[in-house]
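Below are my comments on the model you sent. Please read them beside the coordinates.

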Amino acid sequence: MEINSKENIYELAWLEYRNNISYAEKRYFSAFWANFRGDVYNNIKKELGIFSSKKWEQNIKENENHTGATIILIVEKDNALGDEGFEIEVTDKKIRIKAEKPVGVLYGVFHLLRDINCNVSLKRYNIRRIPENPLRMINHWDNMSGEIERGYAGKSFFFKNGEIVINERTTDYARLISSVGINAVTINNVNVYDAHELITDKHLGELKKLSEIFRNYGIKLFISISFAAPIILGKLDSADPLEPLVKSWWHERCKLIYSIVPELGGFLVKADSEGRPGPFTYNRTHADGANMLADCLKVFNGKIIWRCFVYNCQQDWRDKITDRARSGYDNFKPLDGEFRENVILQIKNGPMDFQVREPVSPLFGGLEKTNQLLEVQITQEYTGQQKHVCYLIPMFKEILDFNTYCRKDNSKVSDIISGRTHDRKNCGMVAVSNTGNDQNWTGHDLAGANLYGFGRLAWDTTLSSEEIAEEWIKQTLSNSKKVVKVISSILLKSWVSYEKYNAPLGIGWMVNPNHHFGPNVDGYEYDRWGTYHRADHIGIGVDRTETGTGFTLQYHKKNQDVFSNINSCPDKLKLFFHRVDYNFILDSGKTLIQHIYDSHFEGVEDVEEFVKEWSELEGFIDDKLYKRVKDRLVFQVSHAMEWRDVINSYFYRKSLILDDKLRVIY
Ligand code: GCV
């Protein structure tokens, strides 16, 4: 349901601050005192006010004397806390939140409010928190028309009919993402179709306003730009990054932009990818392109975030040499060390494109002298489009925990992107947003857990999927034990259940081309935009080892050895790395074909179980919410059945091997 802008009734997701009058910490929330002032201070004051009144219908006032129970907010030197860290200490009379910068205090306040909301006891509460990843970003794929590419939660709340929209929802959004520690956001699509003019006089005034709203919640505004802007806007006949006219056009443009929007964080660029313009047209490298822009932004402290999603999207089916999985590494590894310090390479978690299961991109661990940002997707393009429940935090945890073996120690993905491995500061995590103008922000009510969870995980990658789910449920839906238990159980199983009825064992891509919803085993096999599984009557998969495309060689030795041997390669990725016969025996002891049949039946049974579990919540949560989720789960069952039947029937007809259990396979 789209929000009704006239009534301005927005659900505030995990910032609803449900009433809980009896709670002991109420007494601290009648007074506060701060030793600093400014825009961030104003937001902190507002936040404390909203919390106090929503939770306890109580006013909180600034109190100079701060004699009684008071919240004390302090900005003071403490180098170890850095720009965003904070410390909270609770005594009988005071809650003291200290940071180096006002934004650290803001994060501390959000942390405290979260803990109170989750019923964490404030007895002996004494904590220090510093974010693990320097950059914690959200990318929106919003077009200026108001449509969202791969958006499943309504229209954009940033754009409408070619204009920037700024209203109460903008601030609500800033509050939401700031409260989970997000500190950067791009508002427009990386495919810059209709947003060339964002960097012209026409929109800079509005961008300035947006950047200030975000700044006051500790968030840097970024925008996506087109590499061809000198041609489109400047009427030059080239966008060659080494061409003096092009360089000076960008210099002048950046001066103009920063004269009006001095707070801008920088640009995000998708170049030479899926038809987007880029340096390849001029026989230049991605380093040439990114560095030229980085030089323009350096004086303004701006950053260039440059995507590594570069591949041949028109691979002919007869071409068995090209391997899309190789392309990120092939394109960027040779440039390692050539990028300016204010360039950050944004790398998708896997070498393909946000499939339900992929190995980690070998660029992590491959690049050693380049700033890196891990890109994940919380908009559920390939994971059920927010019609299926699919809690993605367990997937992100696996990615972060992957050991690249690029060093003896500190060589997990989480070490690399936090800067620990290579001692870097311009690095972190980014997610493609799952939000829109739907009243609940994310279409599927349970998809809110992915937005919340991404922020929490980007701040602290050691948090568990269980902890994050529990926090989100308690704040957003209910503190009741039963509700927490049922919804946690559904969320925590949902990714693996989705995987069970999706494309098997890491092969990916068995979706309908273009919109990517629903099963179509040969959709991309016969599409011009080809990505191939090469199934025949004997087996399926592409040999990506040294005897095949050589993709496994892009990993460090230990991983190479695991992935390139069909027996040591984990089942869950077997079909990503190997061509496997239907009769091959997997680690589970089953043949490949029997695994495919069984997992697809199991996947449906899992979702049927979700419906049963959810039904236990009738009367325990808001009725409308109960019904909305129930409807989606019921749909999910029928869609999972479609997946099961299409996939099983395809493999049965290819292999002509009967299911051991003789279930109905069409
Ligand atoms: C924004 C996939 C998606 C595209 C997306 C692209 C990207 O190909 O289907 O919609 O474009 O990834 O990440 O740039």
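1. The model is predicted; local features need pLDDT of at least 70, side-chain atom pairs count only at pLDDT 80 or more, and totals for chains, interfaces and linings use all residues. Residues are numbered from 1 along each chain as its sequence is written, and side-chain values use heavy atoms, with hydrogens and water left out.

2. The count of salt bridges (a side-chain nitrogen of Lys or Arg within 4 Å of a carboxyl oxygen of Asp or Glu) comes to 54. Glu76, Asp78, Glu87, Lys98 and Arg128 are joined in a network of them.

3. Aspartate 295 and arginine 340 form a salt bridge at 2.7 Å, N to O. Aspartate 295 lies in helix α7 and arginine 340 in the loop between α8 and β14, 45 residues apart; helices (H or I, at least four residues) and strands (E, at least two) are DSSP runs, numbered from the N terminus.

4. Aspartate 353 and lysine 348 also pair, at 2.7 Å, N to O. Aspartate 353 is buried at 6% relative accessibility, and lysine 348 is buried, also with 6% (buried means under 20% relative accessible area, exposed over 50%, partly exposed in between; 1.4 Å probe, protein chains only).

5. In helix α2 (residues 102-117), 15 of the 16 residues are buried, so this helix is largely enclosed by the rest of the structure. Just after α2, asparagine 119 has a positive phi of about 65 degrees.

6. Arginine 318 sits in the loop between β13 and α8 and is exposed, with a relative accessible area of 57%.
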